[in-house]
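Please look at the sequence and the structure below before reading on.

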Amino acid sequence: MGIFDNIGSAVSSVASKAYKGVKSTGEKAVKGVKRGAGKVAKGAKSAGFNKNFMRSFQKGLAKAGRILQAPQNYIRKNDPIAKKMGSFGDFSPISLASSIALAPITTTGMLEELAGSKKKQKKLRSGDADTITDLALAPLSYLPAGGASKGAKLGSKLASRGIRALGRFF
């Protein structure tokens, strides 16, 4: 029983205590992670993140899009002048002014509804002219009014110059 035996038993004792400490700490950490992961999964499930999340998200997106379009649709439906104008009802002063003022909101709603509605996407894929036209003209609603008036002024100048040039030939 020499000094090396005492050192060996002391090292063995310390090593076994360290091993037990590391093992118990690891077990506690695993339990904590499992418990935390379970709580996160439970919370995500209650928040709607389940196997039907994407379908629910698309339905919500389509519904939000229809809600954003509701003010313009309400004005268009209840415009008394538009009813008298018949098929040209969209050009009544009330409907026209509201469609210009609400264009960015209505367009955002239309794009959201298109992103979330399988029915609208199917119409677009099948080549529905109204859906394609709405989608093609959608970015124009985001142009500032000043930019649009400058473009119109430039277009009118070019048209008048073109007409004058054609007049010279005839």
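K51 counts as exposed, because its relative accessibility is 79%, where exposed means over 50% relative accessible area, buried means under 20% and partly exposed lies in between, with a 1.4 Å probe and protein chains only. This is a predicted model, in which local features need pLDDT of at least 70 and side-chain atom pairs count only at pLDDT 80 or more, while totals for chains, interfaces and linings use all residues. Residues are numbered from 1 along each chain as its sequence is written, and side-chain values use heavy atoms, with hydrogens and water left out.

The protein has eight helices and zero strands, where helices (H or I, at least four residues) and strands (E, at least two) are DSSP runs numbered from the N terminus. Of its 170 residues, 15% count as buried.

**Two surface patches**

K51 is found in the loop between α1 (3-46) and α2 (53-78), and together with K45, R55 and K59 it forms a positive surface patch. Patches are made of residues with over 30% relative accessible area and no salt bridge, with like charges joined within 9 Å and nonpolar side chains (Val, Leu, Ile, Met, Phe, Trp, Tyr) joined within 5 Å. For the charges, Lys and Arg count as positive and Asp and Glu as negative, while His and the chain ends are not counted; the place of a charge is taken as NZ of Lys, CZ of Arg, CG of Asp or CD of Glu.

A nonpolar patch on the surface is formed by I81, M85, F88, F91, I94, L96 and I100, which together have about 680 Å² of accessible area, as given by the Shrake-Rupley method with a 1.4 Å probe, for which only the protein chains shown count as cover for residues. Helices α3 (80-85) and α4 each supply at least two residues of this nonpolar patch, and α4 gives the most, with three residues. F91, in turn, is located in the loop between α3 and α4, and F91 is exposed because its relative accessible area is 58%.

**Helix α4 and its serines**

S95 lies in helix α4, which spans residues 93-101, and S95 counts as buried because its relative accessibility is 1%. The side chains of S95 and D79 are joined by a polar contact of 2.7 Å, a polar contact being a pair of N or O atoms within 3.5 Å, of which, within protein, one must be able to donate a hydrogen and the other to accept it, and residues adjacent in sequence count only if both atoms are side-chain atoms. S99 also lies in helix α4, but S99 is partly exposed, with a relative accessible area of 23%. The C-alpha atoms of S99 and P71 are separated by 9.6 Å, although these residues are 28 residues apart along the chain.

**Salt bridges**

Side chains of opposite charge can pair when their charged atoms come close. A salt bridge is a side-chain nitrogen of Lys or Arg within 4 Å of a carboxyl oxygen of Asp or Glu, and the count by this rule comes to two.

| Salt bridge | N to O distance |
|---|---|
| E113 and R66 | 3.8 Å |
| K123 and D128 | 3.8 Å |

E113 forms its salt bridge with R66; E113 lies in helix α5 (residues 103-116) and R66 in helix α2, so the pair ties together parts that are 47 residues apart in sequence. E113 counts as buried at 10% relative accessibility, whereas R66 counts as partly exposed at 44%. In the other pair, K123 counts as partly exposed at 35% relative accessibility, and D128 counts as partly exposed at 24%.
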